[in-house]
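Dear colleague,

I am handing over the structure below, which you will be seeing for the first time. Please look through it before reading on, as my notes on what was found follow directly after it.

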2 protein chains.
Amino acid sequence: MIITKPTLLLDLQKCRKNIYKMVAKAKKNDLIFRPHFKTHQSIQIGEIFRKAGVDKITVSSIGMAQYFADAGWEDITIAFPFNILEISEFEELAEKIDLNVLISSKASAEKLITLTNRKLNYFIEVDAGYHRSGLDAENLEQIENTISIFRNKHIFKGFLTHSGNTYQARSKEEILKIHKDTSTKMKALKDKFIDQYPNIIISTGDTPSCTLANDFDGIDEIRPGNFVFFDLMQYNLGVCKFDEIAVCAACPVVDINPARNQIVIYGGGVHFSKEYLLNNGNKNFGEVVNLTSSGWQRSEKLSWLTSLSQEHGIIQASDELMNKIAIGDIVGIIPVHSCMTANLMGSYKTFDDNSLDHK
Amino acid sequence: MIITKPTLLLDLQKCRKNIYKMVAKAKKNDLIFRPHFKTHQSIQIGEIFRKAGVDKITVSSIGMAQYFADAGWEDITIAFPFNILEISEFEELAEKIDLNVLISSKASAEKLITLTNRKLNYFIEVDAGYHRSGLDAENLEQIENTISIFRNKHIFKGFLTHSGNTYQARSKEEILKIHKDTSTKMKALKDKFIDQYPNIIISTGDTPSCTLANDFDGIDEIRPGNFVFFDLMQYNLGVCKFDEIAVCAACPVVDINPARNQIVIYGGGVHFSKEYLLNNGNKNFGEVVNLTSSGWQRSEKLSWLTSLSQEHGIIQASDELMNKIAIGDIVGIIPVHSCMTANLMGSYKTFDDNSLDHK
């Protein structure tokens, strides 16, 4: 495999393992598994899910839904507050496949009812504590009013939430507490509305909760996405093992500064995004690993990306790394946030030298 | 103009004004003007520069050099430490156009001398205080040794530096002090080597210095890039007026939360990147402006993007904005870092409804 510029390496074995593990977990807990495809955005990686028996997916934009519909996916939830400005793109796609949309407010439902005659399958987006979007899980009146706008016209599929607040948690216990709180609130909602709407389901599913939790009481469907690759953020949260991270950026070394123990790589903000973790107050944009012909290995002495500009990355290197590195070498960097890095890199390379697409 | 999803608007009039102002400044100070095209990465915006008399440009990768060479640019400096792994791409392109490269270390020169027989036009990259890459401006011995490796084989064009430390400055005075220090160091280098290499030049050029400075003593060439658009970061640094910022992201409103004075937009980390400024300790990923049919206007009461996930943006809104906003509206967001936002958005829309490309 020849690498001459920043390239996102995919360890297919780890990726497959992550997928099959989550498929098994969903099955064991009798959950509908509707993985979020926004992390990988790849038709070929989607095929691994399909082989594992998955036939329902989640995406976060109408464009992404179109992309996967073209690849043969026929049951897609767009887990993003309905963007009424894309109503015609939505109508066109809903002709072809089963499309579920999110209603996140009464105002949105009121607008939408006047805009289309096509029957919608919709979830009510509920805010169970993340406070990003959706109707407050405890404001039953508002939820009831919103559903009633669509009564007889559209098909109410259930309640959906995303507990993104698990990403800010500081321990596994805190993640499990958020998961428990969310499950309790969602279950209460279902109990309240099930007589009136006997087919509704509860859909949740951030990667931290789905990976760590073993109790899914009250939940019918999960939609994790990031678990397909994991990343340094998930590892730091205690959600995955380092060896479960399935992507690694390969970047050429272009300059070395022995006086500062720094290595300059071709790989910057346009490859990694600018998300970082804090290591004892120091910014960490990615961790350096040793690349091998079939994968990568963690170093005993840590080196990490401390600074990014548009195309430059600066590694603060261990003595061990400084002693062996040379200009023209390729270093591996485990990204902080794999969704953002994959989006910027635009494709994947596997260790059998195949290129996989990214939307 | 119909906007249905996140779109980067370009105010052509402001952009042209920024370009002509910098062209005039370079002319007045008898400087070679070699603008950095990494900010806009657009063939059509490049044509505005060409009409203003520009025929030399700067880019930051061999891919970007190929892109602009295909559009007819024949004198390009790749202002990035030479990536020896792309030697064959370099050789192919150097057949067609005048290409200048950067030598940032002795080790890089030693590798390169064995790799190609093609005559290179090279600059020595000097670190004048930014401490990202390049040879220490005061380490004359190392600089001399590096140049001597190439003696008789390649063409020494001069010394090049990027004072990216101006981006961390806290006042105009501090920017001007960095500019002055850099100029002094670079001038000393030229004085030292000019007898031996009578044709060498000094090339500098970050946007803050080039915009604010009036004294370019010791400098022969400038390479600013960001000034073509400016952004919130440059405004905050005191480098540009708010009305000189030439790009603005237009994003659909998809949810509104009156209890928290928050607006959810379709526009997230995959559109803006995740760079932020701090407003009294609060993260600011972009400032909300009022869009009109021909441009945008700053609001008296500030509202800004306080949080981004992959596709969601959360605006912390003023009462004024809350009172008038509705789902399906389009809001304007002035980006924190225009280079990163333009790279993610992938194209521009002008107010006469034309689409401009981005590499």
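Together with A:Phe68 and B:Ile78, A:Ile78 has the most contacts inside the largest nonpolar core, a core that has 214 residues. Please keep in mind throughout that this is a predicted model.

Turning to chain A as a whole, its secondary structure comes to 12 helices and 21 strands, and 52% of its 359 residues count as buried. Along its principal axes the C-alpha trace of chain A spans about 70 × 40 × 35 Å. The radius of gyration of chain A is 22 Å, which agrees with the value near 21 Å that a compact globule with 359 residues would have. Among the contacts in chain A with a separation of 6 or more, 64% are accounted for by residues 24 or more positions apart.

Chain A is divided into domain 1, covering 12-229, and domain 2, covering 242-357, and the centres of these two domains of chain A, taken over C-alpha atoms, are separated by 33 Å. Where they meet, 14 residues of domain 1 of chain A are in contact with 12 residues of domain 2 of chain A. On the domain 1 side, helix H1 (12-28) and helix H2 (43-51) of chain A each supply at least two residues, and the largest share, 4 residues, comes from H1(A). The residues on that side of domain 1 of chain A divide into 5 nonpolar, 7 polar and 2 charged.

As for the contact between the chains, 43 residues are taken from chain A and 43 residues from chain B. Several elements of chain A each supply at least two residues of the side that touches chain B, including strand E4 (75-81), helix H5 (106-115) and helix H12 (338-345), while E11(A) gives the most, with 4 residues. By class, this side of chain A has 16 nonpolar, 17 polar and 10 charged residues.

With kind regards

Notes
Residues numbered from 1 in each chain as written. Chains lettered and ligands numbered in written order. Predicted model: local features only at pLDDT ≥ 70, side-chain atom pairs only at ≥ 80, totals over all residues. Contact = placed C-beta atoms within 7 Å. Nonpolar A, V, L, I, M, F, W, Y, C, P; charged D, E, K, R; others polar. Core = buried A, V, L, I, M, F, W, Y, C linked by C-beta atoms within 7 Å. Buried ≥ 20, exposed ≤ 12 C-beta atoms within 10 Å, placed from the backbone. Domains from an automatic or database assignment. Rg over C-alpha atoms; globule rule 2.2 N^0.38 Å.
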